[in-house]
Amino acid sequence: MDHVTGLKCTICGATYGVDEVMYVCPKHGDDGNLDVQYDYEVIASRISRESLVANPEPSIWRYKPLIAVEPDSPVPPLRVGWTPLYESPRLAALLGLKHVWVKDDGVNPTASFKDRASAVAVVKAREVGAEIITTASTGNAAAAMAGLAASIGLPAVIFVPKTAPPAKIAQHLIYGARVLLVDGTYDMAVELTLKVAKAFGWYNRSTGYNPYMTEGKKTAALEICEQLAWNAPDRIFVPVGDGCIIGGIHKGLKDLFALGWIDHIPKIMGIQAEGSSALVDAWERGLQGWEMTEQPADTIADSISAGLPRDRNKALAAVRETDGAYLRVSDQEILDAIPVVARNTGVFSEPAAATAYAGLAKAVEKGLVAADERIVVLLTGSGLKDIKNAMKTMPEPPIVAPTLEAVKAVMRNA
Ligand SMILES: *Cc1c(COP(=O)(O)O)cnc(C)c1O
Ligand SMILES: [Zn+2]
């Protein structure tokens, strides 16, 4: 990995060799998230905007020279990333804006953004010769890891809160992972996984602990800019739980700026559910990540329910360094956003994903967005992941007798 120069602590700035530490800064323990450092000259010698035009690879691996994996490491067969970016003039019009795009990450193999990180995780696990991979998850990270691990035949063990939506638990089981339902919150599952992985020597994919997850997640930012012909958008709306996606988006944009492929870095907008808004709170109060303490987390958007966001240092930097903002939206606003997005784009989102759109609507309401800004909304997971919450705002459809008369009667009353 001669394109990687080291791993830098997000708290103290100490830098370590990639063979020196695996996960976190030894001085800061499990909170010492590391940031992968690159040699952009080496990268620029291997990949360019021109070489990408000629590269037909329809996955995150089109950017392999920009990802911290060995150049000759085999990659999993499942096709992750290179997801569609749809312009939506109707969503834009609804909000009085001119240019709104949605990035549909629900079309990934296990139907969420988490596949981007898990694809990198299984490559790293193989690089270190791990025999078992594990993760804590609210549901999607585990589904992604179970699917990607199944694709290369790597055994996986999963820790999810027992309250995770049934569709996600079904994914874990069907892919053949060993599933342990934790009788507690996601935050408790994270702590448990740290202990277990250390005790058993398993490779730990957990978000905000494994530094390479940011590198998988950043590929969405690379794709957005390439899909917009390297005219970076003005603002990107990101739903935030642990803060790994938002940190990854920031990282991808910084990479592109360092390479001179984009001429500005978009403002990054972090959106949290009111009931799980530790990062909004820290941003408003000017706190650093390491000054934050665990808060209660309770929202219908299970994928972004995190009391102490694990990637909080990177998540706060993403918004502060780009002059963006953190905003909170209510569970009702999240539920209401699901059909609005679906009816105006054709993309059905799970609650956490719809949160990004609810955040855009909130930002417009607060006058934070100018009408001519070019806006991207990250739709991070499929609506099929959580039917129960989606149906909460839907009316019961009528039941009709199988006759023309019955249909006519129903249509008259509509
Ligand atoms: C995990 C997840 C998020 C939030 O990502 P973080 O890195 O935890 O902030 C948002 N939406 C969906 C669908 C997710 O699965
Ligand atoms: Zn440190």
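Local features of the predicted model need pLDDT of at least 70 and side-chain atom pairs count only at pLDDT 80 or more, while totals for chains, interfaces and linings use all residues. Residues are numbered from 1 along each chain as its sequence is written, chains are lettered from A and ligands numbered from 1 in the order in which they are written, and side-chain values use heavy atoms, with hydrogens and water left out.

The largest pocket holds about 540 Å³ of space. A pocket here is an open set of points on a 1 Å grid over the protein atoms alone, with protein on both sides within 12 Å along at least five of seven lines, and lining residues have an atom within 4 Å of a point. Grid points are joined across faces, edges and corners, and the volume is the space filled by probe spheres set on them. Helices (H or I, at least four residues) and strands (E, at least two) are DSSP runs, numbered from the N terminus.

By class, this lining has ten nonpolar, nine polar and eight charged residues. Nonpolar covers Ala, Val, Leu, Ile, Met, Phe, Trp, Tyr, Cys and Pro, charged covers Asp, Glu, Lys and Arg, and the others, Gly among them, are polar.

Ala 164 sits in the loop between strand S7 (156-161) and H6. Ala 164 is buried, because its relative accessible area is 7% (buried means under 20%, exposed over 50%, partly exposed in between, with a 1.4 Å probe and protein chains only). Beyond its neighbours within four places in sequence, Ala 164 is in contact (heavy atoms within 4.5 Å) with Thr 138 and Ile 169.

The second largest pocket has a volume of about 440 Å³. Of its 23 lining residues, Thr 10, Asp 35, Lys 254, Ala 317 and Glu 321 are the closest to its centre. Helix H12 gives the most to this lining, with six residues.

The structure also holds four cavities of 30 Å³ or more, a cavity being a set of points where a 1.4 Å probe fits but cannot get out. The largest cavity holds about 250 Å³ of space. Its lining divides into eleven nonpolar, twelve polar and four charged residues.
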